[in-house]
Structures are given as structure tokens and as C-alpha cells.
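Work through the exercises below with the sequence and the 3D structure open. Try each task before reading its solution.

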Amino acid sequence: MDIALVGWLALTGGWLAAAVIAESLPSAGSPAALRRRVGWLTAFVLAGLGGVAGLIGSGAASAQVLLLAVPAVAVAVVTLPRLRRLYGGSAAFVTAPAAPNPPGLLARAAHPLVALPVQVTAVALVPVSARYFGGVPGVGVVADGLGVVADGLMLTVAVILLVAVGVRHALRHSALAEHAGHG
């Protein structure tokens with residue numbers, strides 16, 4: 001098996017795993033579970049950022065890889081500090097294993113800037129990986145003039161899905177923050 005293929009698959013799988021973990025943070029049943037998930041998410045994010053930096057540093061700086069760098073930088077600048085605060089905030093409650101998560105902590109875990117940049121990076125990585133290995137099956141056989149239309153359609157669908165996910169994150173965060181304010 002080609003080492004580049006293994007690297008791309010590991011990078012894509014790592015970011016997809018991080019996206020799933022980020023999605024699950026607000027549903028953690030206890031502060032200890034939340035702390036574990038934040039720890040795993042931080043590890044996947046740091047490894048993923050290292051992988052993206054490695055891609056850029058290795059000379060694979062095509063337009064697609066540079067486009068991938070934008071959400072990865074957002075993860076580094078916006079998400080990592082929030083994860084650090086979540087990890088520290090959950091530490092205060094870990095000593096009481098039967099204690100439920102405080103609503104304020106869950107509201108911070110549900111903040112759109114925790115999960116959305118990670119999920120955008122994961123979604124951006126899938127077509128970049130596919131293009132690196134010859135394109136998306138079914139799209140690559142389209143004639144040259146229609147290939148641009150297919151790429152535009154895939155980009156439009158991805159943007160619509162990410163906007164919907166962002167709205168869902170905002171609504172969930174708002175509901176949890178409101179509960180935290182009244183509780």
C-alpha cells in the first residue's frame with residue numbers, strides 16, 4: 001500500500017473522528033466523561049493540525065491543501081483555547097463521579113466554535129483527499145466542461161450542509177445557555 005495513501009487516510013480518519021467527538025461533547029453524561037471526550041478531541045485536533053502542517057510543509061501546497069488550511073487555522077485559533085478551558089472547567093467536577101454536568105459547562109461544550117471549525121475541516125479534507133487520489137468516482141468521468149459544474153455542485157451542497165450544522169449548533173448552544181441562566 002502506498003505510504004501517501006495511508007497518510008491521507010489517517011489524516012482524514014483522524015479529522016472525521018474529531019468531528020464526531022466534537023459533536024458528542026454536549027451529550028456527555030458526567031463531568032468525567034466530558035473531560036475524557038475533551039482530552040480525546042484535543043489529541044485528535046493536535047494530530048490533525050500536525051498532519052495539515054506536514055502537508056503544507058511537504059510541498060503538497062496545492063490550492064486545495066491551502067483551502068484546507070483555512071479551517072485548520074480556525075481550529076487552532078478558536079477551538080483549541082475553548083477546549084483547554086472546557087478541560088479545566090470540567091476538572092473541578094470530576095471528583096464527584098455521580099454529579100451531573102453543570103448546565104453552564106454543557107452550554108460551553110455546545111458552543112458552535114467548539115465543534116463547527118473541526119467539522120468544517122473534516123468536511124474540507126474529504127474532497128481534498130479524493131482529488132489527491134484522482135477525483136471522486138462518478139465525478140471524474142464527467143466531461144471537462146461539466147467537471148466544473150460538478151465541483152461547484154459539490155461545494156454548494158457542502159456549504160449548505162455546514163450552514164445547517166452551524167445553525168443546529170447555535171440553537172443547541174442557545175437552549176443550553178438559557179437553561180444555565182435559569183438553573
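**Exercise 1: the chain as a whole**

Among contacts (heavy atoms within 4.5 Å) in the protein chain between residues at least 6 apart in sequence, 79% join residues at least 24 apart. The model is a predicted one, in which local features need pLDDT of at least 70 and side-chain atom pairs count only at pLDDT 80 or more, while totals for chains, interfaces and linings use all residues. Residues are numbered from 1 along each chain as its sequence is written, and side-chain values use heavy atoms, with hydrogens and water left out.

Task: State how many helices and strands the protein chain has, and what share of its residues is buried.

Solution.
- Step 1. Helices (H or I, at least four residues) and strands (E, at least two) are DSSP runs, numbered from the N terminus. The protein chain has six helices and zero strands.
- Step 2. Read from the N terminus, the order of elements is α-α-α-α-α-α.
- Step 3. Buried means under 20% relative accessible area, exposed over 50%, and partly exposed in between (1.4 Å probe, protein chains only). Of the 183 residues, 34% count as buried.

**Exercise 2: two packed helices**

Task: Describe how helix H2 and helix H3 pack.

Solution.
- Step 1. Two packed helices are described by the angle between their axes and the distance between the axes.
- Step 2. Axes are lines fitted to C-alpha atoms, for helices over the stretch in contact, and angles run from 0 to 180 degrees between N-to-C directions. For H2 (residues 31-57) and H3 (residues 63-91), the angle is about 155° and the axes are 9 Å apart.
- Step 3. Angles under 35 degrees count as roughly parallel, over 145 as roughly antiparallel, 65 to 115 as roughly perpendicular and the rest as oblique. H2 and H3 are therefore roughly antiparallel.
- Step 4. In the contact of H2 with H3, 21 residues are nonpolar (Ala, Val, Leu, Ile, Met, Phe, Trp, Tyr, Cys and Pro), four are polar (the others, Gly among them) and one is charged (Asp, Glu, Lys and Arg).

**Exercise 3: Gln119**

Task: Is Gln119 buried or exposed, and what does its side chain reach?

Solution.
- Step 1. Gln119 lies in helix H5. Its relative accessibility is 9%, so Gln119 counts as buried.
- Step 2. Gln119 and Ala19 are 100 residues apart along the chain, yet their C-alpha atoms are separated by 4.8 Å.
- Step 3. The side chain of Gln119 reaches the backbone oxygen of Ala19 at 3.4 Å.

Notes
A polar contact is a pair of N or O atoms within 3.5 Å; within protein, one must be able to donate a hydrogen and the other to accept it, and residues adjacent in sequence count only if both atoms are side-chain atoms.
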